[in-house]
Amino acid sequence: TINLPIGKNNVLKQKLLEVVSTDEWTINNLHDQEKQPRPPEVIVNEAHKLVGTTRSYNVVNYNCEHFATELRYGNAESEQVGPTMVETKRDAFRRQSLVR
């Protein structure tokens, strides 16, 4: 059985250095070559509207990368979860259904 993080999360506003502390971090705008980013003021306004709200979280279908790309490009996508992960999740659910 594979236990995937699924649930609800509150959207918070925090300073980057409060979150990462001394860990390394990078800005990853890989899709900028193929997609037009939304204007910064649109991204910031959308993000501010979401602060204090509760969002669904699912490591496969809607994770933090989905959230970030939705704000930046207007479309939720994630390259963190490839076809293998989706296939593994599907297979796990099939096995659970067969056991019951």
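Predicted model: local features only at pLDDT ≥ 70, side-chain atom pairs only at ≥ 80, totals over all residues.
Residues are numbered from 1 along each chain as its sequence is written.

Biologist: Are H2 and H3 parallel, antiparallel, perpendicular or oblique to each other?
Modeller: H2 and H3 (residues 64-73) pack at about 135°, with axes 8 Å apart. Axes are lines fitted to C-alpha atoms over the stretch in contact, and angles run from 0 to 180 degrees between N-to-C directions. Under 35 degrees is roughly parallel, over 145 roughly antiparallel, 65 to 115 roughly perpendicular, the rest oblique. H2 and H3 are therefore oblique.

Biologist: Which residues of H3 make the contact with H2?
Modeller: Contact means heavy atoms within 4.5 Å. H2 contributes Ile43, Glu46, Ala47 and Leu50. From H3 come Phe67, Leu71 and Arg72.

Biologist: Is Thr69 buried or exposed?
Modeller: Thr69 sits in helix H3. Buried means under 20% relative accessible area, exposed over 50%, partly exposed in between (1.4 Å probe, protein chains only). At 7% relative accessibility, Thr69 is therefore buried.

Biologist: Which backbone nitrogen lies 2.8 Å from a polar side-chain atom of Thr69?
Modeller: The Thr69 side chain also reaches the backbone oxygen of Asn75 at 3.4 Å. The nitrogen belongs to Glu77.

Biologist: What is the phi of Ser21?
Modeller: Ser21 lies in the loop between H1 (16-20) and H2 (40-50). Most residues other than glycine have a negative phi. Ser21 has a positive one, near 55°.

Note on methods: Heavy atoms only, no water. Helix = DSSP H or I, 4+ residues; strand = E, 2+ residues; numbered from the N terminus. Polar contact = N/O pair within 3.5 Å; in protein donor to acceptor, adjacent residues only side chain to side chain.
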